[in-house]
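Please open the model in a viewer and keep the selection panel at hand. The stops below are given in the order in which they may be selected.

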Amino acid sequence: DDGNYIGKYKVGNQYEIAGVEYQPQQYDNFEEVGVASWYGDDFHGKKTANGEIYHMGDMTAAHPTLPLPSMVRITNLGNGKFVKVRVNDRGPFSKKRIVDVSEKAARELGFKDKGTANVKLEYLKEDTERLLRDLKIDK
């Protein structure tokens, strides 16, 4: 538990970044395979899309359309390592990447030094519902 959660539940409206449209939504099932990257110093201490303060040492991630917060499992397809992280921000806004993870998550997934990895992202509906209950957040 990161202990510093102050964000709120947010799906959000459709938005456009660099000519690409994104439509946040609620999902029952969601899986995606693609490239993950990580973000650190430049964003450390700044507000995320749902109002939390980003901390590189938390197990968090940014995704363009999943509800905030959501729990996901990310598996590094190159080495089989996996983590559960809380999606609390929007991004990455690159056509080549599907998720940005915190520095800590990148380290645990084994790609911090490399910068990117091919991953599988899986939305964890039950874990997300438990998180919202534990944080007393209403959808």
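Against which strands do the buried residues of α2 pack? They pack against β5 (70-76), β6 (82-89) and β8 (116-123), contact meaning heavy atoms within 4.5 Å. Helices (H or I, at least four residues) and strands (E, at least two) are DSSP runs, numbered from the N terminus.

This is a predicted model, in which local features need pLDDT of at least 70 and side-chain atom pairs count only at pLDDT 80 or more, while totals for chains, interfaces and linings use all residues. Residues are numbered from 1 along each chain as its sequence is written, and side-chain values use heavy atoms, with hydrogens and water left out.

Select residues 125-134, helix α2: D127, T128, L131 and L132 are buried there (under 20% relative accessible area; exposed is over 50%, partly exposed in between; 1.4 Å probe, protein chains only). Viewed down the axis of α2, these buried residues fall within an arc of 135 degrees, so they line one face of the helix; the arc is that of the directions from the helix axis to the C-beta atoms. Turn to the other side of α2 to find E126, R133 and D134 exposed.

Proceed to P69, in the loop between β4 (60-62) and β5. The peptide bond leading from L68 to P69 is cis, with omega near -5 degrees. Then select P92, in the loop between β6 and β7 (97-102); the bond from G91 to P92 is cis, with omega near -15 degrees.

Finish at A18, in the loop between β1 (15-17) and β2 (20-22). Although not a glycine, A18 has a positive phi of about 50 degrees. A18 counts as exposed because its relative accessibility is 73%.
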